[in-house]
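The following paragraphs go through selected features of the structure shown here.

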Amino acid sequence: GESVGLHLPTLSVQEGDNSIINCAYSNSASDYFIWYKQESGKGPQFIIDIRSNMDKRQGQRVTVLLNKTVKHLSLQIAATQPGDSAVYFCAENTGGFKTIFGAGTRLFVKA
Amino acid sequence: KAGVTQTPRYLIKTRGQQVTLSCSPISGHRSVSWYQQTPGQGLQFLFEYFSETQRNKGNFPGRFSGRQFSNSRSEMNVSTLELGDSALYLCASSANTGSTTEAFFGQGTRLTVV
């Protein structure tokens, strides 16, 4: 498959464990944050988003935490499955119709 | 409904040539953004269009240009291709109603410049 990053940070977890992927964003004016999942050969796929007036948002098996004080975002995946193996990107949006992506983290799920 | 469609999926061009890539957004979506993805630089924003107007532009040289048509379909053009332009070019569409800016990506066009 296609490589989306030869030197990405990598997280390896056992199937069934929880995964935590971290991201530091750069712009304190960013007011909207998104997590994307990209599988080999595909475009990024939306997972979950959060606005700057919130510090936590939950979806199905996923939770995003936002700490504006230290400009940190995290994605928690509960009961990680082999199908969760992918590259995960955080993205920030300042409302200027421009989304800035982080470098990405490669998640490996061991069966 | 159909997702974001990008054509062609793969393209090989020679240095100095130009190329045009096409993106058809999800029906009803009026915002289209373009990104360049490379192993070394990751996903980088090129430009965003809404109702045929470019609203924002990334830090790319003028060789990279785009446009959007009245039916929201968008094209991007790269002139005088360089080897470093080899990348996956991704298009994303969103409704951009103001309540969310969730973007839906196409599968991309893999451009190889030789």
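This is a predicted model. In chain B, the side chains of H29(B) and S93(B) are joined by a polar contact of 2.8 Å. H29(B) lies in the loop that runs between strand 3 (19-24) and strand 4 (31-38) of chain B. Its relative accessibility is 9%, and buried means under 20%, so H29(B) counts as buried. Leaving aside residues up to four places away in sequence, H29(B) touches S72(B), S93(B), S94(B), A95(B) and F104(B).

Strands of a sheet pair through backbone hydrogen bonds, either parallel or antiparallel. Here four strands of chain A make an open sheet in the order 2-7-6-5, with antiparallel pairing. Strand 2 (19-24) and strand 5 (56-58) of chain A are at the edges; each has a single partner strand, so one side of each is left without a neighbour in the sheet. On average, neighbouring strands of this sheet are turned by 15° against each other, direction ignored. Within the sheet, strand 6 (residues 62-67) and strand 7 (residues 72-77) of chain A run antiparallel and are joined by six bridges. L65(A) stands opposite S74(A), a residue of strand 7 of chain A.

The aromatic side chains come next. Over all chains, the structure holds 11 aromatic pairs. One of them is the tilted pair of Y25(A) and F33(A), with 4.5 Å centre to centre and 50° between the planes. Y25(A) and F33(A) are both buried. One aromatic cluster is formed by Y36(A), F46(A), F89(A) and F101(A) together with Y35(B), F45(B) and F105(B).

How values were computed: Residues are numbered from 1 along each chain as its sequence is written. Chains are lettered from A and ligands numbered from 1 in the order in which they are written. This is a predicted model: local features need pLDDT of at least 70, side-chain atom pairs count only at pLDDT 80 or more; totals for chains, interfaces and linings use all residues. Side-chain values use heavy atoms; hydrogens and water are left out. Helices (H or I, at least four residues) and strands (E, at least two) are DSSP runs, numbered from the N terminus. Buried means under 20% relative accessible area, exposed over 50%, partly exposed in between (1.4 Å probe, protein chains only). A polar contact is a pair of N or O atoms within 3.5 Å; within protein, one must be able to donate a hydrogen and the other to accept it, and residues adjacent in sequence count only if both atoms are side-chain atoms. Contact means heavy atoms within 4.5 Å. Rings of Phe, Tyr and Trp (its six-membered ring) pair if their centres lie within 6.5 Å; planes under 30 degrees apart count as stacked, over 60 as edge-to-face and the rest as tilted. Two strands pair if DSSP finds at least two bridges between them. Axes are lines fitted to C-alpha atoms, for helices over the stretch in contact, and angles run from 0 to 180 degrees between N-to-C directions.
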